[in-house]
Amino acid sequence: KILVLDFGGQYNQLIARRVRDHHVYAEIKSFETPLEEIKAAGYKGIIFTGGPNSVYDMTSPHYDKAILDLGIPVLGICYGCQLISWMSGGKVESCKKSEYGKIEITVSAESKLFKDVPEKSIVWMSHTDYVSEAPEGFVITSHSDDCPCASMENAEKKIYAVQFHPEVTHSEYGNVILKNFLYEVCGCKGDWVMDNFIENTVAKLKEQIGDKKVVLGLSGGVDSSVAAGLISRAVGKQLTCVFVDQGLMRKDEGDFVEETFTRLFDMRFVRVNCQKQFLEKLKGITDPEEKRKTIGTEFYKVFWDKIREEADGGFFAQGTIYPDRIESGKGDAATIKTHHNQVKMPEDINFDGVIEPLGDLFKDEVRKVGEKLGIPKELVWRQPFPGPGLGVRIIGEITEDKIKVLQEADAVFRDEIKKSGIESSLSQFFAVLPNVQTVGVMGDHRTYDHLIAIRAVTTDDFMTADWAKIPYDVLARISNRITNEVDHVNRVVYDITSKPPGTVEWE
Ligand code: XMP
C-alpha cells in the first residue's frame, strides 16, 4: 500500500483515487502522523501532497527529515516537491512569474518517472514558489519556460519530486508518471481489486461481529444500501435495517427500497411509516429553515427511538465513506462525521461498537461494490436526494394533497427523461411545487390550479451547476403529460437558473 501524506492541498483525495485506479491501495494520512507509525505500517511508497503555503513559512506544515532516510520511495507533488528540496538543503524561491494552468515541460534527463513519456508534454501547474536550486545529490529531470525545475530526483535514494500535478487529467501523461512511480520505482504489483475488497470485508465482518447483532440505519441512498449489502452477506439475519419513511420521498420510493432489500438480501427489515406524525408537526409551518429543522428533528427522534428499541448490545453500522472521514490538511479521521447530516447518537443507546465497512472507499468505488453485490442500478446510481426530501420542494405549508400532486408530477417527469435517453447527461432533476395557483382552461371550463416547476442541472460537484439544456421536444412531452395526467396541475414551467445565483433546490 501507498501512503498519501496530506499537507493540505486541494487534490489530496484525487491523488489517492488515481493511485487506486492503478490497483494499488492508497490511504491518506495527516502530516501530523508520527514517523514511527509510518515506519511500522509497511508502505511501499509515500506521496507528499501539495499544500497552500510556502515552505519558509514555519506555520505551514512540515515533516521530520528522517522520513527521506527510511529507504521508502517518496514522490513529492507541488508543495511536496518544494518540501523535499527544503528538507534536503536545496533552495526554494518565489517565482518571478507564477505558473497556473496548462504548461509545456521538456524532459531533460533519463528518469524512471518519465518512462513512455515524450520529451515535450503538457502538465498542470499551480504554484507561486519554485525550486531554484536542487539539493545535493538531486538531478533536475525536466523544466518549463518559466520554471527551471519542473521535476528532480535522487534516484539512488528513490526520492522523486514534481512541481506539477500528475493527478489531474489536464496533465497529459500524469497517469503514466504516477504509474511509473508505483510500478517502476516502488515495485507495486497492482493486485488491489474490488473483488478482493468484498471477500476480505465480508470475512473481516464475520470475525468482528461473531454471533452479535448489528443495527443499521438505511436511508435508501447509495452508501447505506451498499453497507447493508455487505453486512448482510457476512451475517444475514443478525443484521437489522431500520428504514424511516417520513412520507416525503418520491412516489413509491419507500416500497421500492423495502421490496429491493427484502428480495435481495437476507436481513431483518424494519420500516417505520410515520407520514401522519410528520404532517402533524409540519402543520402551519412555511418558513424554509423552520421546515428543515422540524423535519430533521422529527426524523432523528423517530430514528433513534427505533434504534434504541432494536439495540441489544452488538454493533451500530453506518455507511460512512472515506471522504466523510477526512478533513483537508488533517488526513485520516480527525473528525468523524456521523451520517445523516451529522447527528450524534444519544448517549443512552448502548452498542459495543460502530461498524463502517465503507470507511476506506470513495463514492465511485462504493458504486462498484454495489454493482458487484447485485444492487439495482436505480439505487447504485441514485442521484442526490435531500435529507428533508420533498419537504424542500414544496414551497409554503406541506400538506398531504400537495405531496401527492408533487409525487405524481415528479414521477411523470422522471419517466419522460428516462424514455428520452438523456438521463445520464443530467446530474440531478426533479419537480417542484411552488405553491402558486394560476388560471387555465380545460375544455370549456376555467381552472384555477397548481403550477409545477421542473428543474434539471448538470454539475461536477454541486457547488456550482448549470441548468440543463433539455431539448424542446422532450420539454413539450413533459409538459403535456404532467398537465394531462396529474390532477390539479394546469401549468408547467422550466427553471432556467444556474447556481449561483440560484441553489439546486428551491428551499
Ligand atoms: P443546493 O440546493 O444547496 O443543493 O444547491 C446542492 C445539493 O445538495 C442537495 N441537498 C441536500 N442533501 N441534505 C442532503 O443530504 C439536505 O438537507 C440537502 N439540501 C440540498 C441537493 O439536492 C443538491 O444535490
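The largest nonpolar core comprises 72 residues, and V214, L216, I231 and A409 have the most contacts inside it. A nonpolar core is a set of buried Ala, Val, Leu, Ile, Met, Phe, Trp, Tyr and Cys residues joined through C-beta atoms within 7 Å; a residue is buried if 20 or more other C-beta atoms, placed from the backbone, lie within 10 Å of its own. Helix α6 supplies the largest share of this core, eight residues. At least three residues of the core are drawn from each of domain 2 (194-380) and domain 3 (399-494), with bounds from an automatic or database domain assignment. A second, separate core of 57 residues includes V4, V74, V162 and I177.

The model is predicted: local features need pLDDT of at least 70 and side-chain atom pairs count only at pLDDT 80 or more, whereas totals for chains, interfaces and linings use all residues. Residues are numbered from 1 along each chain as its sequence is written.

Helices are DSSP runs (H or I, at least four residues), numbered from the N terminus. Of the 14 residues of α6, 13 are buried, so this helix is largely enclosed by the rest of the structure. Just after α6, G236 adopts a positive phi of about 50 degrees.

Around the ligand lie eleven residues, of which P386, G387, T503, V504 and E505 come nearest; a residue is near a molecule if its C-beta atom, placed from the backbone, lies within 6 Å of it.

Conventions. A residue is buried if 20 or more other C-beta atoms lie within 10 Å of its own, exposed if 12 or fewer, and partly exposed in between; C-beta atoms are placed from the backbone. Helices (H or I, at least four residues) and strands (E, at least two) are DSSP runs, numbered from the N terminus.
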